[in-house]
Amino acid sequence: MTTTSKTEELRKRQDIALAGGLGSARERHLAAGKQLVRDRLASLFDDGFDFEDGLLAGTERGLPADAVVTCVGKIHGRDVAVVANDMTVKGGSWGLATLLKITRMQKVALEAGIPIVYLIDSAGARVDDQRDCFLGRRSWPNIFYNLSNSSGVIPQVAAMFGPSPAGAAYIPALCDVVIMVDKQSSMMMGSSRMAKMTIGEDTTDEQLGGARMHCTVSGVGDVLVANETEAIAKVRHYVACMPQNWRERVPEQPARPPRVGAKPINEVVPLEQNVPFDIHDLIHGVVDEGSYFGVKDLFAKEMATGFARLGGMTVGIIANNSRHKGGVLFVDSADKAARFTWMCDAFNIPLLFLMDISGYMIGSSAERAGIIRHGAKFVQAVSASRVSRITVLVRKAYSGGYLAMSGSGTHPDAVLALPTAMPALVGPEAAINAVHYNEIQSLPEAERATFIKEKREEYSRDIDVFRKAADEFHVEAVVDASDLRNELIKRFRVYTRRKYAVIERRAAVHPV
């Protein structure tokens, strides 16, 4: 065989591998409204692949690229590794070569210190390959081992375009952020058919593990999108929010003013503590236009978490949203905030807390759900974080919620207050009921309402931010709402210059 014929054979095999699955499989894939895997990658990267590993794997067995594309390309000019399932080849399932390709690209990403993106659309592990891949050290669990040991070292992103069943569901679950296409992607430990067969439950795959369920109820999903184009855009946005690895900081971008048409903050925040408002209106009035990336926006909506830029610098935002459940901390919102804190701390992203909280949820349901245990998780995450933190007292700053939301006792770099702030152990309602209960009960019924009203007004004046917090230097500054953005930018510029303090220990014991 001549050199020319060898070259021709190479090109022929490359063409077969690049084409993906058979024509019928491709047609079914496209008819379902999905993009082919290499079209997804063309949209994801700035300008194609830098290189691809294992293109010819599986070709002898009629499995182009063995159902997975593993490659490196650039997003916003920075190197990113990608593992992308090809659903047109045996349902995107995993065999031995698939395993070897995935784990190899995981190693490349970790050793190079670059983010890794998983484009998920897979039927999971191949049962007929279990002899080679299930038991022993060269097995599918190596994928999850690598994910676990890369956590907090390099950013790990999952974008879900289709299924990820059984053990394969741990790929997105072990990533930092999970983006899911509505009515198209899913993940579940067992299918609806299996649920019917084993436990007698009648359900559907969509109800059991659909994208909307995971983004609103289970909390496994972080971002729900309408289509694949939006999913790719979200991946690119998220990568822009992250550094290449834990040793670096997020590159700054040119500063942009807040969103056009955003309400002035002093028109957003009500004076009355019990009047709800959407904290996102305040966020968009402060951060650079178009920079906000919400994380778990549809889950535990009483707490808002997300990334944004302030004067071109990336920060993580944790904010109480009184529009939902009064902004009170519940089990899910405490977990949501704790995990987001860990993520920012892992990747050198400063934290901005916008506090408007009356405390943790009380009552038998909350206690049985473990509000203390989950609340402790949030407190520990905040207290142990080493990145720069600024806390803004927006309105309510009561009880244990004040502590969890990066109050002074957790040693933030600064606690700022808007003039509307009301820091106190408890709010006026609870305080008056506790202090004056016997006196109230002794009054004639007709006089009680007036007495309570007067005492609450007196208490509210006493916890006014100027009387105690500012006067006794319990806050670093009281800032006019119109100056908040500039104040935050200037302070973060200084605070992020400090070196991170390190507590010497092997590992912390986290509340679960």
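A residue is called buried when its relative accessible area is under 20%, exposed when that area is over 50%, and partly exposed in between, using a 1.4 Å probe and protein chains only. The views below show a predicted model, in which local features need pLDDT of at least 70, side-chain atom pairs count only at pLDDT 80 or more, and totals for chains, interfaces and linings use all residues. Residues are numbered from 1 along each chain as its sequence is written, and side-chain values use heavy atoms, with hydrogens and water left out.

**View 1. Ile-75 sits in strand 2.** Helices (H or I, at least four residues) and strands (E, at least two) are DSSP runs, numbered from the N terminus. Is Ile-75 buried or exposed? With a relative accessible area of 0%, Ile-75 is buried. Contact here means heavy atoms within 4.5 Å. Setting aside residues up to four places away in sequence, Ile-75 touches Leu-44, Phe-45, Asp-46, Val-80, Arg-236 and Val-239. Gly-285 is 210 residues from Ile-75 in sequence, and their C-alpha atoms are 28 Å apart in space.

**View 2. Helix 3 (residues 37-44) packs with helix 11 (residues 228-241).** Two packed helices are described by the angle between their axes and the distance between the axes. Axes are lines fitted to C-alpha atoms, for helices over the stretch in contact, and angles run from 0 to 180 degrees between N-to-C directions. For helix 3 and helix 11, the angle is about 45° and the axes are 9 Å apart. The two helices are therefore oblique to each other; angles under 35 degrees count as roughly parallel, over 145 as roughly antiparallel, 65 to 115 as roughly perpendicular and the rest as oblique. Which residues make the contact? Helix 3 brings Arg-40, Ser-43 and Leu-44, while helix 11 brings Glu-228, Ile-232, Val-235 and Arg-236.

**View 3. Helix 4 (residues 96-112) and helix 6 (residues 141-150) pack together.** Their axes are 9 Å apart, at an angle of about 15°. That makes helix 4 roughly parallel to helix 6. From helix 4, Leu-99, Ile-102, Thr-103, Gln-106 and Leu-110 meet Asn-142, Ile-143, Asn-146, Leu-147 and Ser-150 of helix 6.

**View 4. Phe-378 belongs to the largest nonpolar core.** A nonpolar core is a set of buried Ala, Val, Leu, Ile, Met, Phe, Trp, Tyr and Cys residues joined through side-chain atoms within 4.5 Å. This core has 60 residues, and Leu-41, Leu-44, Val-82, Phe-307 and Phe-378 touch the most other members. Leaving out residues up to four places away in sequence, the contacts of Phe-378 include Met-303, Ile-318, Leu-329, Phe-353 and Tyr-360. Another core, of 33 residues, lies apart from it, with Tyr-292, Val-315, Leu-354 and Val-392 among them.

**View 5. Ala-67 and Asn-348 each have a positive phi without being glycine.** Ala-67, with phi of about 70°, lies in the loop between strand 1 (49-53) and strand 2 (68-75). At 0% relative accessibility, Ala-67 counts as buried. Phi of Asn-348 is near 60°, and this residue is found in the loop between helix 14 (331-346) and strand 13 (351-357). Asn-348 also counts as buried, at 11% relative accessibility.

**View 6. Gly-427 lies in the loop between strand 16 (422-424) and helix 18 (428-435).** Its relative accessible area is 9%, so Gly-427 is buried. Beyond its neighbours within four places in sequence, Gly-427 is in contact with Tyr-398 and Tyr-459.
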